[in-house]
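Student: Before we use any labels, I would like to see the model and hear how each label is assigned.

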Amino acid sequence: MNLYIRRESSKLWKRVCAEITTEIILLAENWKYLLGGLVCQYIHGLAARGVHYIHRPGPVLQDVGFYLLPELGPDKAYLSETLFSFIFLSFFLWTFHPFILKTKKIYTVLLWCRVLAFLVASQILRILTFYSTQLPGPNYHCREGSKLATLPPPKSILEVFLIFPRGVLYGCGDLIFSSHMIFTLVFVRSYQIYGTQRFIKQLGWLLAIVQSFLIVASRKHYTVDVVVAWYTVNLVVFFVDKKLPELPDRTNVVVSTLLPLSTKDRDTKPKDENHKLINGNSGDPADRRLRTQVNGKILEEGNAVHINGSINGAT
């Protein structure tokens, strides 16, 4: 038993070391994209903090979701945050599964470059939207009479740029469309594309629907904020994914390609395979049978096959 544990531990350590080496190479080539995506997350937080200064509380608007869904109340508002944290943490841990599991489909660095691209594109649209029109916040700390509903003018520049923790937990005015739904839908769509377990894909969509109801029931957003997020984020992921180079699929190759193929490589690869087939070589690397030409015949695995230049096959 101890011998088995030591042997498996050794295999796992070698697998982790090999994956770290691969990911470091990818990180060295793509760190600018990751850093840019993280910086954009901070800019998005600054924008949400800025709109809070110009937020003016008012009567809660008429909303179909508020009419249909019972209000959870401030004491149960944590339910939506708990589910969101579970979705976020689950997806984050899944992106690092290539370091441990034998079966792997994605490279962690390349996947996060793609996910950040989805997030940034959606958040740019979100910033433009909630700065265009400021709605009175439906959340409890954003209503009339709450001291947190409106921020006083900043006393220093540091107060503006320091968005944690109050700017994240007690924001007002950044409503259309929901940031929680941006992250949720981007993660679910990403797993839908690059994940392998059908049950988890179905569970992800179910959790996204439940998250939508909880956000409205917690009165953190209007129903329109959630509805707009559903079709906007899905369209953003669809079009951005089409524009980005394809990610290499590690399940279909023996020697993994570290970087996605460029457009030129994708165009020339079929030509090379056709050239091999014309010259009598198989396009499949696994097919390496011996072929020799003797007196107008090809000997393939000991069988003689006549060669005739006629298209109709006449002798």
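Tutor: Helices (H or I, at least four residues) and strands (E, at least two) are DSSP runs, numbered from the N terminus. The model is predicted, so local features need pLDDT of at least 70 and side-chain atom pairs 80 or more, while totals for chains, interfaces and linings use all residues. Residues are numbered from 1 along each chain as its sequence is written, and side-chain values use heavy atoms, without hydrogens and water.

Student: What is the helix content of residues 109-131?

Tutor: The span is 100% helix and 0% strand, and its end C-alpha atoms lie 33 Å apart. Residues 77-97 are 81% helix and 0% strand, with end C-alpha atoms 32 Å apart. The unreviewed UniProt entry annotates both spans, and 168-187, as "transmembrane region"; such annotations may be inferred rather than shown by experiment.

Student: Why are α1 and α4 called roughly parallel?

Tutor: The axes of α1 (residues 2-53) and α4 (residues 108-132) cross at roughly 20° and come within 9 Å. Angles under 35 degrees count as roughly parallel, over 145 as roughly antiparallel, 65 to 115 as roughly perpendicular and the rest as oblique. α1 and α4 are therefore roughly parallel.

Student: Why is D241 called buried?

Tutor: Buried means under 20% relative accessible area, exposed over 50%, partly exposed in between (1.4 Å probe, protein chains only). D241 has 19%, so D241 is buried. D241 is located in helix α9 (residues 223-243).

Student: What makes the pair of D241 and Y194 a polar contact?

Tutor: A polar contact is a pair of N or O atoms within 3.5 Å; within protein, one must be able to donate a hydrogen and the other to accept it, and residues adjacent in sequence count only if both atoms are side-chain atoms. The side chains of D241 and Y194 make such a contact at 3.1 Å.

Note on methods: Axes are lines fitted to C-alpha atoms, for helices over the stretch in contact, and angles run from 0 to 180 degrees between N-to-C directions.
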